[in-house]
Amino acid sequence: MMRQYELVERVQKYKPEANEALLNKAYVYAMQKHGQQKRASGDPYISHPLEVAAILTDMHLDESTIAVALLHDTIEDTTATRAEIDELFGEDIGRLVEGLTKLKRLDLVSKKAKQAENLRKLLLAISDDVRVLLVKLADRLHNMRTLDHMKAEQKARISEETMDIYAPLAGRMGMQDMRDELEDLSFRYINPEAYATVTQRLADLSARNEGLIKKIEDELRDLLVANGLPDAAVKGRQKKPYSIFRKMQSKSLSFEQLSDLYGFRIVVDDVACCYKALGIVHTRWRVVPGRFKDYISNPKQNDYRSIHSTIVGPSRQRIELQIRTEMMQEIAEYGIAAHALYKDGQSGGAKGDDLLPKESSAYSWLRHTIESLAEGDNPEEFLEHTKLELFQDQVFCFTPKGKLIALPRGATPIDFAYAVHTNIGDTTVGAKINGRIMPLVTRLNNGDEVEIIRSGVQVPPAAWEEIVVTGKARSAIRRATRMAIRKQYAGLGYRILERTFDRAAKTFTREALKPALHRLAHKDVEDAIAAVGRGELSSLDVLRAVFPDFKDERVTVKPSADDGWFNMRSASGMMFKLPNQPKAPLEDSQAAVNAGDVVALSPEPVPIRGLAGNMQVRFAPSGAVPGDRIVGIMDKGEAITIYPIQAPILQHFDEEPERWIDVRWDLDEANKSRFLARIDVNTINEPGTLATVAKTIGGLDINIRSLSMASNRAADFSEIAMEVEVWDVRQLNQLLTQLKELDCVSNLKRVYD
C-alpha cells in the first residue's frame, strides 16, 4: 500500500507548489473515517482511495482533485457528511465528493433503473466539473484491477457495467489508454474463455516474432532520420486482446486471418512534420487502400488528433501507423485531463500546434448530451440514450455552409437534422445529400454534404424513433410524440369541459381553472385539461373544483317499460333514444336509426378521424361501419372505443356519463377504407351452402375477414359466424337482405358487443 508521504512526493514532482497541508489533512480524515474497514481482498479500505489518488497523479492533476480522490467514498461508506466536508475542506471539494456518491436509498423499481439514476446523477455532476469524471474513472479502474476477490456474479455485473458505460465514457473523453485497460479487464471477466484464447495466441505470436517490433522500429526510425526528421520518436506495440477480439467479431475473421496485429506510433515536432513523415513512409512502402484517416484535419469529437494509415511495411508485415505531435500524444493518452495541463501552463504545445480550445470539444459534447437527455426521460430511457451516445464509430458530414457534424456510423439525415438543432429535426420533411434528394432513411457516409428540407407544419412521426441511431434524435422524437398526444388529448378535454360547464350554465375558461389546480393535483392547466381528455380526471370534478358550491342535479333516466324506449345522456349533454330491448331485430334497430328515431340532441360531435393520429382510437370487437350511429367510450388513460349505438354493452356505462364522448364519422372520400362488421347466419346443412353464401358476399364486393362454422343440435342446420369488411352500412344492409332471400338461409343477424 502506498504511504502518505509517497503520494505527496508524486504530486510535488509535477507541481512543486502543491498544498501539502491539504493532502495530509485529506489523508488523515479518510484514514479516520474508514477506520477498520476492509476490502474484499482483506486489505485496509484506505488502500483503495490511496491507489485512486495515485492513478490521478499519473495524469498530473491538481491537489484538490487528489484530495477528492482520498475522500470520494467517505460520504457513501462512513459517517461523514457533506456539511462536515464543506467545513473542513471547502464547498468546492464537498460538492465534488457528493457528486461521486451513489444513490443508496432511492426507491426504484429495478436495478437497471437504479443504475440509470446513478449514471444520471454522475453525468449531471460531471457537467458541472469534469474532475468528478476523472476521479470516478480512476475509482473504476482500481476496482477493476482488484476484481479477483469479488464473487463471480459481482465480477460479471461490474464488468458489464464498465464495458457498457465507463470504458466508452473514457473513450469519449479522449482517455484512450484508460479505455483500453478498462475494456481488457472487463473482457477478462465477461468472456474468460475468449480472453484466455486470444491472450495465449498473442503470447505464441510474440514468441515466434521475438524481436520483430524492435526491428520494425529501427527501420522506420532510420528512414525518417535519413529524410530530415532526426527527432522523430518511433514506438511499436502489439494490439490489446479485446481490440483483437472485437475485430474478429465485427469482421467474422479467425485469428489467423488477422494481418494488422501491430501498431506503431511516430511522434514528431509539429504538424508540418506529421505530413512530411506521412509522405516519407508512403513513398517507401505500399499503402493499404481505404485505410487512411486524417484526424488532424478533422479531429474527433473528443479532441483526438492524429494521422492513421495502414501499410505493408518492413518484413512485408502489415502494420498500422499513427503519426502525431507530442501535444497530440498527450491528448490521446490523457484526453480531457491533459487540457488542465495546458490551461495551467504546465506544458507547452509544440511548435506549429494550434492552441487547445478554451473548453475541450469532449467536454462540450458531454454538456450538450446532458442538456438533451436529462429532460423528461425516465431512467431507463436515459440509460439507453446515453449508451447510444457513447458507442459511436463516427462519420463526418457537412452542412451546406461547411460546418462539420460528427455522427455515429449508420446515422441518417434525421440524425443529422437533430444534431444541428432540435427544431430543425422536428420540422424535417426531406433531405438533399450531395445535391440530390434522397430518402430520410439513407445512411450517411464520410464527407457527405447534407441539406435539410423543412416544413413549419411537420410533426415528427413516432416511427422515426426506429430509424434514428443517436440518443439526441430518439429522445427528441419521443418528446415530440408525447407533446403531440398531449395536445390532442387537451383538445378533446377542452371540448368535454366546455360542454360540461355549459350544461351546468357555467362558462369554462383556462383562467378560471388556474386557481383550482391545487385541488385537482395538477401543476399546469394544459396537463389538467389533457387528463380530462385521457379519462384520468372527471369533467365533473373539474367543475366542482372551479365552482365548489355547484350541485349536480342531473339524473340518469332508467329504461321505461311504458314506451319501449329509454333515454341516455352522454357526458357532454348529448341525449340518445335507444330501444328498450337490446336484442331487438337488426332491421328494427337499423330502421329506427334510418328513420331518425335515434336522435342526437347536442350539436357538433367529435369527428373520430380527427382523433386518430397519435391518440389511440379503436373500434369495438364487433366493429362499426359508416352510417351507424356511434358513440365513444373513454377507456381510462388508454384509448377511446367506438361502439354502434345499438351495442348492448353501452348499458354498462350508464352510471359513468363522464366517459361518454360524442363522435361522428369523418371520412376521407379520396382514401376510402373498409370497416368490420360481424354477422351470424343460420343455414340449412347441405352441400353447397357455404359456397352459395360466399358467392353472394363476393358478388357485392365484400371481403370475408374470418369465418367459423358449426352444426347446431338438430344437425339439420349450421351456424356460420363471420367477420366481413364493408364500405358502409348501406352495403351491409344490402348483404343482409340478399342473404336472407337465399333458400339455404334460415335466419341471420348482425352481432353487436
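**Ground rules.** The model is predicted, so I took local features only at pLDDT of at least 70 and side-chain atom pairs only at pLDDT 80 or more, while totals for chains, interfaces and linings use all residues. Residues are numbered from 1 along each chain as its sequence is written, and side-chain values use heavy atoms, with hydrogens and water left out. I took helices (H or I, at least four residues) and strands (E, at least two) as DSSP runs, numbered from the N terminus.

**Entry: helix α13.** I looked up α13, residues 212-226, and found 15 residues reaching 21 Å from the first C-alpha to the last. That is close to the expected 21 Å, the expected span being 1.5 Å times one less than the number of residues. I listed its buried residues as Leu-212, Ile-216, Glu-217, Leu-220, Leu-223 and Leu-224. They lie on the same side of α13, because they cover an arc of only 135 degrees around the axis; the arc is that of the directions from the helix axis to the C-beta atoms. Buried here is under 20% relative accessible area, exposed is over 50%, and partly exposed is in between (1.4 Å probe, protein chains only). On the face turned away from the buried side I noted the exposed residues Asp-222 and Ala-226. The cover over the buried residues includes β1 (233-238), β2 (262-268), α15 (271-284) and β5 (318-325). Just after α13, Gly-228 has a positive phi of about 95 degrees.

**Entry: helix α15.** At the N-terminal end, Asp-270 caps α15 with a side-chain oxygen 3.3 Å from the backbone nitrogen of Ala-272.

**Entry: Val-267.** Val-267 is in strand β2. I count Val-267 as buried because its relative accessibility is 15%. Leaving out residues up to four places away in sequence, Val-267 touches Asp-231, Ala-232, Ala-233, Arg-324, Thr-325 and Glu-326. Its C-alpha is 7.5 Å from that of Gln-329, which is 62 residues away along the chain.

**Entry: Arg-140.** Is Arg-140 buried or exposed? At 6% relative accessibility, Arg-140 counts as buried. I placed Arg-140 in helix α9, residues 131-145. Beyond four places in sequence, Arg-140 touches Ile-158, Glu-161, Thr-162, Tyr-166 and Leu-182.

**Entry: the four-stranded sheet.** I read the strand order of this open sheet as β20-β21-β19-β22, with antiparallel pairing; strands pair if DSSP finds at least two bridges between them. β20 (703-711) and β22 (745-751) are at the edges with a single partner strand each, so one side of each has no neighbour in the sheet. Strands β19 (675-684) and β21 (717-726) pair over 10 bridges in the antiparallel sense. In this part of the notes, Ile-679 stands opposite Met-722 in β21.

Conventions
Contact = heavy atoms within 4.5 Å. Polar contact = N/O pair within 3.5 Å; in protein donor to acceptor, adjacent residues only side chain to side chain.
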